[in-house]
Amino acid sequence: MNTALTNILDQIINSVPLFKPELALITGFVISIFSSLFLTKIYKHSTYITTLLSLIAVGYLLFDQIGQTATGFSESWIVDPLSSYARIIIVLSAFVITIFIKHRHSCNNGDVYSVLLAAVLGTHVLSSTSNWLLAFIGIEMVSIASYILVGYFSKNKIQAEAAMKYALFGSVCAAVMLYGLSLVYGLTGDLNFEATAHLQGLMDAPELIVSLALLFVFVGIGFKLGFVPFHVWTPDVYQGAPTSITAFLSTIPKVGALILFARLYRSWSSTDFYFSELLEWYMVVVAIATMLIGNLAALRQQDAKRMMAYSSIGHTGFLLMAIYAYQDSAAFLFFYISAYVLMNLAAFLFIDQLEQRTGSTAINSYAGLGKKMPILFTAFSLVCISLVGLPPTIGFMGKLMVFSALFDFTGAYDNTAVILLLAVGALTSVISLFFYFRIPLYAFLRKSEDHAKQRIAPNTLLYVSYAFTILLIFFGLFPSFLIDLFN
Amino acid sequence: MGLLSILIFLPLIALALILALPNTAKSSYKYIALGFTVLQLGIALYIYQNFQGAQAGVNILSDFQFLEQASWIRLDLGAIGKLEIDYLIGLDGISLPLIVLSALVMLMGVGASWNIDKSPKGYFALLMLLNTAVMGIFCALDFFLFYVFYEVMLFPLYFLIGIWGGVRREYAAIKFFLYTLLGSVFMLLVIVGLYFSVTNPETGAHTFNMLHMMNPSNYVDGSFFSFIANYHEVLGIPARLIGFIILFFAFAIKVPIVPLHTWLPDAHVEAPTPVSIILAGILLKIGGYGIIRVCYSIFPDMAALTNWWLALIGIISILYGALNALAQKDLKRMIAYSSVSHMGFVLLGIASLTAEGISGAMFQMISHGFLSAALFFLVGVIYDRVHDRYIYNFRGLAGIMPKYTACVAIVFFASLGLPGFSAFIGEAFVIIGTFNAQSMTTGIPRWMAIAGSAGIFLSAAYFLWTLQRMFFGQTRLQGGTAWASALTDLNRRELLILVPTISLALILGIVPSLVFGKLNASILKLIDIINPYI
């Protein structure tokens with residue numbers, strides 16, 4: 001008995017180094033709570049500074065972990081390239097979003113930072129585990145943090161409604177997922193979805209129950225990723241939330257959920273049994289439906305943020321396609337994720353700049369502004385070009401890599417599913433041109449009615465967004481600089 | 001940095017200059033654009049002078065001239081292998097005439113833009129970006145590079161039509177963009193497929209190099225597009241045929257063929273004159289060039305298999321375009337449809353798979369390049385003056401604009417294929433090639449040649465009828481005396497653009513060897529590649 005306990009203790013102590021970045025996050029979380037309680041009176045930006053510093057610390061510790069492959073805490077915590085790179089992307093975008101929030105909501109914002117750190121912690125958990133229990137905890141951490149973030153700055157009815165919808169929809173999905181997990185656990189007796197016992201259990205289980213369990217598990221992940229048919233919350237929430245929070249919602253939680261899903265899909269789809277086949281078909285159908293619905297629904301949107309919501313649904317479909325093709329090397333997956341994060345952050349930064357200027361996120365409020373703000377709209381148009389996936393931008397390279405990966409997918413040449421995915425992926429790019437280009441269309445091609453000469457004063461966020469635009473082009477022309485990092 | 005790179009990226013320097021200069025230096029933008037395009041034409045002519053017509057090129061890298069090769073993107077994608085993308089540009093007999101044509105038409109375009117006063121900064125900057133993209137397309141020998149230039153070409157055009165266009169400009173701009181993108185996105189899938197089917201014999205890595213794609217022995221056995229023993233099928237259609245059709249579809253939209261031509265009248269009518277000139281003069285040629293360089297060279301087996309259908313499409317485009325032109329009341333629309341008809345000859349000539357036919361198609365592209373540019377420029381002349389181009393609103397223009405009428409008459413006659421002008425050579429060679437095709441057993445029946453000749457007859461009908469309606473008879477104008485005083489004759493700038501173009505049509509009509517001498521070897525080489533599969 002005693003030796004067992006010592007063993008467990010030993011293991012925990014040995015595993016702690018793997019958990020360093022998360023420990024730093026937790027410390028940062030606690031300090032930021034205290035600083036928002038006590039230090040804000042002395043120095044207004046103390047919590048902001050604390051958050052940035054802790055994110056820097058986390059980033060530093062993460063860089064140490066690059067290249068490591070290890071498991072800890074009884075195999076439930078995984079540190080491998082997949083998790084390290086994902087967490088680095090998450091921390092970097094969290095850094096930008098922190099600055100974003102600080103500039104837009106300068107007063108009474110102390111708790112937001114700590115909630116943001118909690119959300120980051122949740123996505124860290126999601127991206128470095130193969131244990132269902134931890135995964136569920138991760139999803140809930142992110143979800144609860146997100147509910148708070150969406151509602152935190154709500155000033156009017158629409159924003160409050162968005163937060164409420166989000167929370168209700170999220171809790172139901174989480175409950176369904178938990179039920180699915182209980183079925184999976186009941187069938188397999190193991191919580192680690194990569195373990196042999198787990199796969200064995202799924203192989204032996206009756207088909208009906210397996211289908212049901214998989215479907216339920218999909219509900220939870222689908223909610224976080226926002227794929228069809230669990231996407232219905234995104235447009236309302238994206239539109240209702242403050243732009244800085246929308247930027248958060250469209251990037252950080254998605255990366256975490258995506259990595260979890262990639263792990264799950266990879267370990268489950270590799271067998272010859274019923275559940276693998278089922279999973280593959282779920283995946284193909286969901287990817288196609290998500291790409292089509294996301295892009296087609298975006299055609300009719302009048303609001304830039306709502307359009308971006310559907311656009312991110314469309315990109316999720318594309319990412320599912322990338323996961324479908326994911327075998328050993330995750331480099332292309334990370335390239336697309338980085339491209340996606342970069343493009344989305346840039347797009348929301350621009351939307352926010354314009355919101356400050358015109359007080360509206362409606363696309364037709366951009367009419368004729370291209371002439372008044374040529375640089376901003378040129379950059380915004382480049383971001384749109386990248387979102388469509390046209391050269392010479394990072395979006396194009398990302399698409400090319402996903403297409404390549406899918407094409408090279410083992411023995412895929414005569415695989416109807418692959419052909420279908422490729423065709424739909426290509427077709428939706430064409431569709432997406434139509435709505436993304438409404439932004440330059442209004443900005444440059446339409447005449448404006450407002451004659452205000454008011455210009456956007458140069459500010460940090462504007463420079464950040466320009467820097468992102470330059471990166472989009474740079475990595476589009478020289479993708480080696482980015483992808484070599486992931487190898 | 002070789003001469004070709006300078007040719008391609010020179011406009012980017014102009015673009016940077018234009019963007020850097022403040023708005024107060026507004027009037028200098030056009031001079032910058034003009035200076036750089038003149039320089040470009042100079043370089044293009046120098047290249048033309050030093051080009052060795054005996055070297056064939058097409059599928060042999062060392063035969064390409066002004067070759068530049070640098071490794072651009074090397075990506076290690078783990079399981080997917082290494083991504084090998086080169087900055088590879090060079091010229092052979094097929095691309096050289098088009099490069100010279102592009103430089104010339106660009107210069108005409110800048111000349112036609114002299115009176116643009118709506119945000120000239122953006123206008124000339126976009127024009128220069130378009131210039132770079134177009135030059136890049138004709139020079140690129142790496143499929144990836146080709147694709148990048150091909151897509152980059154779309155953005156400036158979208159904005160040029162969309163911002164400086166006519167009443168329905170938004171519709172025309174997005175329609176043009178969507179049509180082209182639809183073709184090119186699927187082209188991307190084929191490019192990826194080809195990439196995985198072809199290896200570079202030197203490094204063993206997959207490659208985007210077009211010349212490697214032309215060599216059957218570089219294909220991986222059992223790969224999707226492999227040459228020999230390829231059993232891959234998509235929906236029951238052989239993989240290589242699918243690849244060919246998709247690529248053809250992408251370029252056919254650009255040519256354009258009937259029934260994929262509907263973007264063209266809209267784009268032309270709504271586009272400002274200089275953009276129409278560039279559209280008709282250069283961009284349609286990208287379609288024909290793509291079919292020769294990509295479809296036919298990479299898929300010679302499928303070219304031999306499908307040429308009957310391609311020729312049929314060519315015939316339909318010739319006749320349908322001509323009949324439509326006959327029915328138009330808008331002068332610019334009529335010329336747009338005449339482009340559809342004339343580009344049909346290009347497709348017919350290419351599909352004939354005879355040396356005469358393909359040479360004729362190339363010649364027709366060059367000839368149509370500057371003749372259609374001249375036609376659109378001439379439409380621009382009256383549109384600039386009275387902002388109307390309805391055929392029935394003008395009558396007896398010869399009385400008040402004699403020089404203009406003379407130019408129009410010459411260009412009309414040149415376009416309808418009067419012997420002595422360049423279009424005659426192009427069309428005659430296409431018809432001869434098509435006629436000979438039956439004896440060469442390339443699968444094109446003689447009646448197609450006859451149908452093509454009917455197209456020439458129809459083009460005479462619509463051009464002459466238009467001439468008669470607008471220029472002859474008593475002067476009667478819709479706008480009355482206001483128009484009569486506005487319709488001044490050609491000024492010096494306009495003559496400066498038109499006279500050289502007309503002389504060029506005449507020179508090439510009399511000395512066609514200026515073009516044939518450079519492209520003959522390449523055409524024969526291309527025929528050699530396709531011949532084994534007939």
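Visitor: Does B:Tyr404 count as buried or exposed, and why?

Guide: Please note at the outset that this is a predicted model. Burial is judged by counting neighbours, and 20 or more other C-beta atoms within 10 Å make a residue buried. B:Tyr404 counts as buried because it has 23 C-beta neighbours inside 10 Å.

Visitor: Where does B:Tyr404 lie, and which residues does B:Tyr404 touch?

Guide: B:Tyr404 is part of helix H16 of chain B, which covers residues 402–415. Not counting residues up to four places away in sequence, B:Tyr404 touches B:Val381, B:Leu397, B:Asp489 and B:Leu490. As for B:Asn115, it is 289 residues from B:Tyr404 in sequence, and the two C-alpha atoms are 19 Å apart.

Visitor: Is B:Thr488 buried or exposed?

Guide: B:Thr488 is exposed, because 12 other C-beta atoms lie within 10 Å. B:Thr488 sits in the loop between helix H19 (480–486) and helix H20 (492–510) of chain B. From B:Thr488 to B:Arg385 the separation is 103 residues in sequence and 7.8 Å in space, C-alpha to C-alpha.

Visitor: At what angle do H14(A) and H16(A) cross?

Guide: A helix pair is described by its angle, its axis distance and the residues that meet. H14(A) and helix H16 of chain A, residues 374–388, cross at roughly 145°, and their axes come within 10 Å. The crossing is left-handed. From H14(A), A:Met343, A:Ala346, A:Ala347, A:Phe350 and A:Gln353 meet A:Leu376, A:Phe380, A:Val383, A:Ser386 and A:Leu387 of H16(A). This contact has eight nonpolar, two polar and no charged residues.

Visitor: How far apart are the axes of H13(A) and H17(A), and which residues meet?

Guide: The axes of helix H13 (residues 304–325) of chain A and H17(A) are 8 Å apart, and the helices pack at an angle of about 35°. This crossing is left-handed. A:Phe318, A:Met321, A:Ala322 and A:Ala325 of H13(A) meet A:Val402, A:Ala405 and A:Leu406 of H17(A). By class, the residues of this contact are seven nonpolar, no polar and no charged.

Visitor: How many residues does each chain give to the contact between chains A and B?

Guide: The size of an interface is often given as the accessible area lost when the parts come together. In this case residues are counted, and chain A and chain B give 34 residues each. On the side of chain A, the elements giving two or more residues are helices H14 (331–358), H17 (394–407), H18 (416–436), H19 (438–445) and H21 (480–483). H18(A) gives the most, with seven residues. That side of chain A has 24 nonpolar, six polar and four charged residues.

Visitor: Which confidence values accompany the model?

Guide: The predictor gives the complex an ipTM of 0.89 and a pTM of 0.92. For chain B, the mean pLDDT is 89, and 99% of its residues reach 70 or more.

Technical notes:
Residues numbered from 1 in each chain as written. Chains lettered and ligands numbered in written order. Predicted model: local features only at pLDDT ≥ 70, side-chain atom pairs only at ≥ 80, totals over all residues. Contact = placed C-beta atoms within 7 Å. Helix = DSSP H or I, 4+ residues; strand = E, 2+ residues; numbered from the N terminus. Nonpolar A, V, L, I, M, F, W, Y, C, P; charged D, E, K, R; others polar. pLDDT = per-residue confidence, 0-100. Axes fitted to C-alpha atoms, helices over the stretch in contact; angles between N-to-C directions. Left-handed = near helix turned anticlockwise from the far one by under 90°.
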